[in-house]
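User: Please take a close look at strand pairing in one part of this chain. Then follow the side-chain contacts in one connected account, with the cut-offs given as you go.

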Amino acid sequence: MGDGCHVMDGDGFLIENNVFDGCGDDAIAAITNGAAAQPQNGIIANNLILGRTTYIAATIPISSITRSGTTATVTTTSPHGITSTVGLPVAILHSGATGGDAALYNIEAQIVTTGASTYTYTMLGTPAASATGTLIAQPTRCFGFRGIVVFNSKNIKISNNQILTTNSNAIALDDEYNQTAYVNEEIHVSDNLIYDCNYLGGQIGNIKMYWCTRCSLTNNHVLNPHAASMLDIDDSQGLTSGRTLNASNNVAICNNTFYLQQASNNEGIRIYYLTGKKMNNLVVANNVFFSLNATYINTDFVNVGKFVNNTAIG
């Protein structure tokens with residue numbers, strides 16, 4: 001349950017037919033180490049990534065749960081023995097609260113430890129009073145961070161992987177440290193099964209594509225995601241740090257199925273840039289979007305795009 005497979009500045013690599021079970025860091029990552037080189041000519045295929053595993057632990061009696069806004073602070077009757085800042089993030093199921101605020105306190109939530117006998121978690125609303133009742137904490141799950149991450153790389157194929165229940169993005173084509181020398185080029189993501197990822201809503205985008213040119217996302221099945229968008233294309237971070245490269249361009253998103261978005265105020269495909277930058281040559285075709293709460297394609301930041309034969313159901 002430690003880190004997975006990390007490739008730094010590699011040229012010509014193959015990562016296939018592996019099982020990654022509850023990695024504490026990214027399960028698979030191709031990383032750029034500064035401006036010297038970039039990972040390139042790689043294949044990531046046929047891997048099984050299990051981001052969430054059952055956390056076996058006894059129930060923990062709670063002496064009190066106080067609140068400040070939506071933050072609940074838990075004090076246990078004895079040291080809880082959980083460190084959430086190192087290794088796997090831990091989720092705890094809280095039960096036993098009574099009264100009008102019980103539904104806000106009695107939830108499964110990722111925790112942040114603040115002391116030997118204290119931790120916090122975020123509620124879905126603001127209770128009127130501290131928790132009452134016989135309060136119990138039950139550690140239930142531990143979560144890996146992200147599934148497959150590619151930083152500023154070139155000519156990478158990501159295909160036929162199964163990614164189940166990560167804590168953050170299932171697949172991220174990311175911008176490492178606002179890298180100014182490279183973008184993601186010719187990254188092709190196809191035929192992957194992604195289920196129940198971004199479980200605790202930690203990131204925008206179940207799939208993230210930042211600073212991409214000549215990249216594609218095809219024939220993937222994204223089921224039951226927990227994020228503000230199913231697919232996020234966002235070049236704003238690098239621009240705030242002075243990056244002068246052009247925005248993402250020449251991206252194809254075709255023949256994918258996105259099913260049952262869980263988060264509120266969500267979008268199927270979210271596209272975002274800062275003022276003065278827009279995406280060029282985006283093709284979104286033959287995708288199916290099930291059960292969205294909001295628009296399935298945001299086109300506000302697209303300069304030249306083609307959107308054909310997409311279907312939104314429910």
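Analyst: Let's start with the strand pairing. Strand β22 (residues 212-218) runs parallel to strand β25 (residues 249-254), and five bridges join them. Two strands are said to pair if DSSP finds at least two bridges between them. Strands (E, at least two residues) and helices (H or I, at least four residues) are DSSP runs, numbered from the N terminus. Within this pairing, S216 stands opposite A252 of β25. β25 also pairs with strand β28 (residues 279-285), again in the parallel sense and over five bridges. There, I253 has V284 in β28 as its bridge partner.

A word on the source before going on. This is a predicted model, in which local features need pLDDT of at least 70 and side-chain atom pairs count only at pLDDT 80 or more, while totals for chains, interfaces and linings use all residues. Residues are numbered from 1 along each chain as its sequence is written, and side-chain values use heavy atoms, with hydrogens and water left out.

The term salt bridge requires a side-chain nitrogen of Lys or Arg within 4 Å of a carboxyl oxygen of Asp or Glu. Through shared partners, the salt bridges join E185, E186 and R214 into one network. How do these residues stand in terms of exposure? Here, buried means under 20% relative accessible area, exposed over 50%, and partly exposed in between (1.4 Å probe, protein chains only). E185 counts as buried because its relative accessible area is 16%. R214 is partly exposed at 37%, and E186 is partly exposed at 26%.

The whole structure holds three salt bridges. Among them is one between the side chains of R146 and D26, at 3.0 Å from N to O.

Another loop residue to look at is N161, placed between β16 (154-159) and β17 (162-164). N161 is buried because its relative accessible area is 0%. Its side chain reaches the backbone oxygen of S159 at 3.1 Å. That is a polar contact, a pair of N or O atoms within 3.5 Å; within protein, one must be able to donate a hydrogen and the other to accept it, and residues adjacent in sequence count only if both atoms are side-chain atoms. Leaving aside neighbours within four places in sequence, N161 is in contact (heavy atoms within 4.5 Å) with I44, A45, N46, N47, I148, D191, N192 and L193.

Now for the aromatic rings. Rings of Phe, Tyr and Trp (its six-membered ring) pair if their centres lie within 6.5 Å; planes under 30 degrees apart count as stacked, over 60 as edge-to-face and the rest as tilted. By this rule there are two aromatic pairs. F258 and F289 are stacked, with 5.1 Å between centres and 10 degrees between planes. This pair links distant parts of the chain, 31 residues apart: F258 in strand β26 (residues 257-259) and F289 in strand β29 (residues 288-290). Both F258 and F289 are buried. Y259 and F290 form an edge-to-face pair, 5.3 Å centre to centre with 65 degrees between the planes. Again the link is between strand β26, with Y259, and strand β29, with F290, 31 residues apart. Y259 is partly exposed at 38% relative accessibility, and F290 is partly exposed at 24%.

Finally, the chain as a whole. Its secondary structure comes to two helices and 31 strands, and 50% of its 314 residues count as buried. Among contacts with a separation of 6 or more, 75% are between residues 24 or more positions apart.
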